Amino acid sequence: MHLLKEKLQLCLRILGYGGHTYIGDISWLNDFCAEFLVFSNTVQNYISNQTEQDSLEIICLCLTQVIICIRHLEYTIQTESTSGQRIQASHHHFIDRITVCLKRLCATLEHSKTTKCTKEVEPESSTEGVSFVTLLDSLLDSLSEFTRPDQDASHSTQLVDTQQDMVLSKQIKLQVDLLLGQALSFANVALPQDKKALSALCQKVMRDCSAFQEECQPNSGSIGSNYSNQKLRAMTLDHALHQLDEHISETLLRLVFTCFLDFQKISVDKIRNVLRTELDSTADEYIADFDVNLDRATQIGIFAIAFAPSLKIRTTVRSCLASFEYLDTSLIPSLQSNTSDLHSELLEQHFKEELSKFKTALHEIIDSRTFVSCYLQILTAGIIAAEKQFDKVQLEDLAQMGFFILEHFQLGVNQENLLELGQECFQNFIRILRECKAILMCASQVQPDRIMKRFKILRTILRKLHSTIAADQNEHAMIQEHIENCMVEETTSNCTDVDNFTGLSASPARSILYETHRNRNKTINGKSVANINTQELKIKAIGCLRRKQSLRTTMFKRQNVVGSIKLQNTFNIQSASLEISGILDQLTSLTESFAHNPPKKL
């Protein structure tokens, strides 16, 4: 560890922003890259077989972020050389991020070493804390202690350990509170129609959990009767949790389409133009919408990380979220400032690159069949609405969403899911989608019926395309054509707003990597998350098999749970080493490119 700290100090000394070692040209950046390469090799050698998975992922995240910042420092220096202007704000932005990442990386390794020696577990060891997926799996396992059929006979002949039941029920209550906190955080950024349903389902889970708690209290009645009531309440709570899980999965897919669309409609360039030409109130609305969409992307990314098939993709998604997190506090202020546009343009370029990587990673994770099915549902609902009242803007949004399907199948890994007939259907889909886009451009000269006919043909071809996509081998149930199930409709009638939950609030925002000012202000009423041993949750979730298949198991390309975790435990270290090797290869390529670029005086 001493050697690692020495290498870290050398890197920080070269960075030395504002000090005598800071120069800020290509030669300076090349010197830093050379020292950082030595530091990274030392990190790779330091990692042992006992290094925790959470620590490995943070290490890969920090190294990836440093590489990204180095690349954009290079862009900054090249822009300065071309324009003849010093862009000091950009230097400060990326150097500050590199410094944070290096220090966080070293702290993670030190904590990992301490944990191995003392066997202590940090309550929030992962970058996004205990995930919704981990909490849900752990809850289902805990409830199975009350719902297993083989326990009926034993409880009818043996005394029930009331004290043990009370302890387990309190643990279940704590996990339910954390789960609902995360569900409400997701509901806060969900679409309005989904927010109501999620609110109602959260209330249902709260009621069923309270009823289960009451049955686990000491009861003067007969033991057999008490156990039967506990089992009934546990089964009811189990069902409510599955309902919540399924609706979050459905909501998540619809949110992906909306999020992608809004990133195009509320672009950074558009905000720049609005700030220059419109009133402050109009600009504030655009900025607020942009912030909401970033929050939506973060929620989508956190769920995607839980089902990413490899460490590389998980690191990519985390890195994008970390970049969004830091840009969230610097991108808009750079547009609002009266200084040079070069800094804001460099940050905009950075944001666009990260957004492109984020979308590509999501397309790799999302299941093709379910993605097409969701668009089919959105398209059908849009056509029905347009037949009642023609709305050109709504139809333009529907057509643009169709291009997200096109982007999805441009990835080779997703093209493999198309059967032989699917390739022909996909080409037909592209052709009619372009026709829909073209006819909307001259909508004022065309009868609405002719436009609607094109969209109905698009729907027909999309149905054929959906039927030609190879289904997942582990998919036990077909995805429903209509996503609003009757149980959700029944509970929605009694729903209230997300903010009206008594004694429960949305989980405070967790930092992905950077502790920014906005994150610190996002905590709800200053409340902290209850302490919970995350290691115990993760251990319990390892053996968990869902009692029912949720839509999320088809939304994401999820393999057999137990088999995947065994493979993950076997190859964790090898994957981390390969990922770090790939990062080092990128760094080597950067260093070689710098060597061919002689330093230029500004």
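Colleague: Which helix holds threonine 79?

Modeller: This is a predicted model, in which local features need pLDDT of at least 70, side-chain atom pairs count only at pLDDT 80 or more, and totals for chains, interfaces and linings use all residues. Residues are numbered from 1 along each chain as its sequence is written, and side-chain values use heavy atoms, with hydrogens and water left out. Helices are DSSP runs of H or I of at least four residues, strands are DSSP runs of E of at least two, and both are numbered from the N terminus. Threonine 79 is found in helix H3.

Colleague: Does threonine 79 count as buried, partly exposed or exposed?

Modeller: With a 1.4 Å probe and protein chains only, buried means under 20% relative accessible area, exposed means over 50%, and partly exposed lies in between. The relative accessibility of threonine 79 is 22%, so this residue counts as partly exposed.

Colleague: Which residues does threonine 79 contact, leaving aside neighbours within four places in sequence, and how far is its C-alpha atom from that of leucine 346?

Modeller: Contact means heavy atoms within 4.5 Å. By that rule, threonine 79 is in contact with Gly84, Ile87, Leu342 and Leu346, neighbours within four places in sequence being left aside. Although threonine 79 and leucine 346 are 267 residues apart along the chain, their C-alpha atoms are separated by 8.8 Å.

Colleague: At what angle do H3 and helix H14 cross?

Modeller: Two packed helices are described by the angle between their axes and the distance between the axes. Axes are lines fitted to C-alpha atoms, for helices over the stretch in contact, and angles run from 0 to 180 degrees between N-to-C directions. The axes of H3 and H14 (residues 341-365) come within 11 Å, and they cross at roughly 145°.

Colleague: Which hand has the crossing of H3 and H14?

Modeller: A crossing is left-handed if the near helix is turned anticlockwise from the far one by less than a right angle, and right-handed if clockwise. For H3 and H14, the crossing is right-handed.

Colleague: How many nonpolar, polar and charged residues does the contact of H3 with H14 have?

Modeller: H3 contributes Ile68, His72, Tyr75, Thr76, Thr79 and Ser83, and these meet Leu342, Leu346, Gln349, His350, Glu353, Glu354 and Lys357 of H14. Ala, Val, Leu, Ile, Met, Phe, Trp, Tyr, Cys and Pro count as nonpolar, Asp, Glu, Lys and Arg as charged, and the others, Gly among them, as polar. By class, this contact has four nonpolar, six polar and three charged residues.

Colleague: Why does phenylalanine 94 count as buried?

Modeller: Phenylalanine 94 is found in helix H4 (residues 88-118). Apart from residues up to four places away in sequence, phenylalanine 94 touches Cys69, His72, Leu73, Thr76, Leu347 and His350. Phenylalanine 94 is buried because its relative accessible area is 0%.

Colleague: How are the axes of helix H2 and helix H3 placed?

Modeller: The axes of H2 (residues 26-46) and H3 (residues 53-83) come within 11 Å and cross at roughly 170°. Angles under 35 degrees count as roughly parallel, over 145 as roughly antiparallel, 65 to 115 as roughly perpendicular and the rest as oblique. The crossing angle therefore makes H2, relative to H3, roughly antiparallel.

Colleague: How do the residues of the contact of H2 with H3 divide by class?

Modeller: From H2, the contact includes Trp28, Phe32 and Phe36, and from H3 it includes Leu63, Val66 and Ile70. The residues divide into 14 nonpolar, one polar and one charged.

Colleague: How far apart in space are leucine 4 and threonine 42?

Modeller: Leucine 4 lies in helix H1 (residues 2-15) and counts as buried, at 2% relative accessibility. Among its contacts beyond four places in sequence are Phe39, Thr42 and Val43. Leucine 4 and threonine 42 are 38 residues apart in sequence, and from C-alpha to C-alpha the distance is 6.5 Å.

Colleague: What share of the residues in the protein is buried?

Modeller: The secondary structure of the protein comes to 24 helices and zero strands. Of the 602 residues in the protein, the buried share is 53%.
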